[in-house]
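Trainee: I'd like to learn how to read a few features off a model like this one. Can we go through them together?

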Amino acid sequence: MVTVRASRQGGGWVCEVDVEADGKQTHHTVTVAPGDLERWGKGGGTEKEDAEDLVARSFDFLLEREPPGSILPRFDLSVIRRYFPEYDSQFKR
């Protein structure tokens, strides 16, 4: 289960993410720039819910490829495509 809580920081968002899987829990902090929401968000939204949705979907994507403990504890959303080039094509609007 993935739980995301976003808060505005500057022009973007900081999302606190808790992942519970196989009886273990991990915590992650993800920054989301306005350009990230424009590029990968549904409808290019700018609201808290849009950031939370994009990060939740991104974690679903990551968890299909690696265990929760392998996900960086703190990262910018845009780094996902460095590790997984298919992220762009899967999330591009």
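This is a predicted model: local features need pLDDT of at least 70, side-chain atom pairs count only at pLDDT 80 or more; totals for chains, interfaces and linings use all residues.

Trainee: How far apart are Asp-53 and Arg-57 in helix H2?

Mentor: An α-helix has 3.6 residues a turn, so residues three or four places apart point the same way. Asp-53 and Arg-57 are four residues apart in H2, which means about one helical turn separates them. Their side chains meet in a salt bridge, 3.0 Å from N to O. The term calls for a side-chain nitrogen of Lys or Arg within 4 Å of a carboxyl oxygen of Asp or Glu.

Trainee: What does the span of H2 look like?

Mentor: The expected span of a helix is 1.5 Å times one less than its number of residues. For the 16 residues of H2 that should be 22 Å, and the end C-alpha atoms are 22 Å apart, so the two agree. Buried residues in H2 include Ala-51, Leu-54, Phe-59 and Phe-61.

Trainee: How many salt bridges does the whole structure hold?

Mentor: A search finds six. One of them joins Glu-86 and Arg-65 at 2.9 Å, N to O. Glu-86 lies in helix H4 and Arg-65 in the loop between H2 and S4, so this bridge ties together parts 21 residues apart in sequence. Asp-88 also forms a salt bridge, with Arg-81, at 3.5 Å between the closest N and O atoms. Bridges that share partners join Glu-64, Arg-65 and Glu-86 into one network.

Trainee: Now the rings. How is a pair of aromatic rings described?

Mentor: By the distance of the centres and the angle of the planes. Rings of Phe, Tyr and Trp (its six-membered ring) pair if their centres lie within 6.5 Å; planes under 30 degrees apart are stacked, over 60 edge-to-face, and the rest tilted. There are six aromatic pairs here. The pair of Phe-59 and Phe-75 is tilted because the planes are at 35 degrees, with ring centres 6.1 Å apart. That pair links helix H2 (residues 48-63) with strand S4 (residues 74-76), 16 residues apart. Phe-59 is buried at 1% relative accessibility, and Phe-75 is buried at 8%.

Trainee: Which kind of pair do Phe-61 and Tyr-87 make?

Mentor: Edge-to-face, because their planes are at 75 degrees, with the centres 5.2 Å apart. Tyr-87 is buried at 0% relative accessibility. Ring pairs also link Trp-40, Phe-61, Phe-84, Tyr-87 and Phe-91 into a cluster.

Trainee: Where does the charged end of Arg-65 sit?

Mentor: Over the ring of Phe-61, 3.7 Å from its centre. The rule asks for NZ of Lys or CZ of Arg within 6 Å of the ring centre and within 35 degrees of the ring normal. Likewise, the charged end of Arg-39 sits over the ring of Trp-40, 4.8 Å from its centre.

Terms used. Residues are numbered from 1 along each chain as its sequence is written. Side-chain values use heavy atoms; hydrogens and water are left out. Helices (H or I, at least four residues) and strands (E, at least two) are DSSP runs, numbered from the N terminus. Buried means under 20% relative accessible area, exposed over 50%, partly exposed in between (1.4 Å probe, protein chains only).
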